[in-house]
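Dear colleague,

Please find the structure below, handed over for your records.

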Amino acid sequence: MKKTLFLLITLLLTQDIVFGQDAVSTANRFIALLSEAQKTESVFPFDVEERYNFHFVPMKRRGITFNEMNPQQHKLALDLLRSCLSEETFQKTREIMQLEVVLKELEKRKPEDNYRDPGNYHFTIFGNPSPSGIWGWRFEGHHISFNFSFNRKTLVAGTPGFMGSNPAIVLNGPMAGKQVLKQESDKGFALINSFTAAQLKKAIIDTVAFKDILTFDKRKALLGKPEGIRYSELTKVQQSLLLQLINVYVHRYKHDFAEKMIQEIKKEGLDNIWFAWAGYTKPEIGKGSYYRVQGPTIVIEYDNTQNNANHVHSVVRDLKNDFGGDLLLDHYKKGHSH
């Protein structure tokens with residue numbers, strides 16, 4: 001038994017080291033392929049204010065885009081993304097990018113109009129990728145934002161982690177029926193529709209869904225006192241459904257890192273997790289819905305109200321470690337003060 005436990009721990013530690021080394025080496029190979037002009041636009045110190053410039057709408061951003069990359073740079077950029085995300089999430093990001101093509105057609109934009117552009121997603125590096133230092137990087141564009149922070153070879157944070165989808169369900173054309181964030185939707189509705197009338201009275205905090213996620217693009221994901229129904233007020237089956245929902249968001253990342261996030265949530269006590277709902281409780285285009293999971297270490301939000309309730313925004317925020325957390329930033333500053 002002891003031998004088996006030792007081998008398991010060794011395996012987990014080895015996976016973490018390999019994962020960290022992979023991200024460091026991939027980031028450095030990517031930087032080495034950048035021109036000086038590209039480095040000026042996309043490589044910054046770790047402690048710059050730009051690192052907190054988090055958003056998920058079409059806008060001008062710092063960083064190099066797919067449109068500006070040669071084939072080698074493009075491949076390494078995708079390798080870097082793949083090194084931090086689960087394979088399923090990696091594929092979801094590609095699908096979200098392709099929805100820009102759908103939007104361009106829906107909005108009847110001219111061919112030369114580049115407002116909707118699947119190549120307009122930015123890669124930005126912060127700090128010097130190193131197995132002995134503090135660094136991070138960001139991948140961001142319309143409906144995608146992942147903010148990764150490393151301490152040496154260890155991924156400390158991957159949040160804010162935003163994924164959106166417009167349309168939430170593609171209604172026409174070659175991609176008809178595509179629902180990129182189907183799990184986020186289905187598992188939320190499965191949970192709310194398992195509640196009794198008494199539980200619904202607690203869980204539903206508003207009969208009208210909010211216009212967007214409440215944390216929006218805020219640097220601090222502060223929502224005040226938790227609302228809704230507590231984990232301890234759920235049945236065993238409902239508790240399992242809530243944990244499945246949390247896992248959908250946390251396991252957007254590589255398995256070993258995601259499991260660390262899960263352990264942090266459990267360490268603070270599952271009874272301190274709250275679930276809240278607003279809007280309609282049945283999935284239907286035209287009927288807006290919103291839910292939130294809130295605990296001492298995590299906030300998860302899902303909102304589907306825009307474009308006739310066929311446009312989803314979803315986010316996971318780590319309340320201790322968003323953007324790497326204050327402790328990591330202090331550690332970086334102290335290291336550079338010497």
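**Contact of H7 with H8**

Ile246, Asn247 and Val250 in H7 meet Ala258, Met261, Ile262 and Ile265 in H8, where contact means heavy atoms within 4.5 Å. The residues of this contact comprise six nonpolar, one polar and no charged; Ala, Val, Leu, Ile, Met, Phe, Trp, Tyr, Cys and Pro count as nonpolar, Asp, Glu, Lys and Arg as charged, and the others, Gly among them, as polar.

This is a predicted model, in which local features need pLDDT of at least 70 and side-chain atom pairs count only at pLDDT 80 or more, while totals for chains, interfaces and linings use all residues. Residues are numbered from 1 along each chain as its sequence is written, and side-chain values use heavy atoms, with hydrogens and water left out.

The axes of H7 and helix H8 (residues 255–267) come within 10 Å and cross at roughly 140°. H7 is therefore oblique to H8 (angles under 35 degrees count as roughly parallel, over 145 as roughly antiparallel, 65 to 115 as roughly perpendicular and the rest as oblique).

Among the buried residues of H7 are Leu241, Leu242, Leu245 and Ile246 (buried means under 20% relative accessible area, exposed over 50%, partly exposed in between, with a 1.4 Å probe and protein chains only).

Lysine 220 is found in the loop between strand E8 (204–206) and strand E9 (229–230). Lysine 220 is partly exposed, with a relative accessible area of 48%. Leaving aside neighbours within four places in sequence, lysine 220 is in contact with Arg317 and Asp326.

Yours sincerely

Key: Helices (H or I, at least four residues) and strands (E, at least two) are DSSP runs, numbered from the N terminus. Axes are lines fitted to C-alpha atoms, for helices over the stretch in contact, and angles run from 0 to 180 degrees between N-to-C directions.
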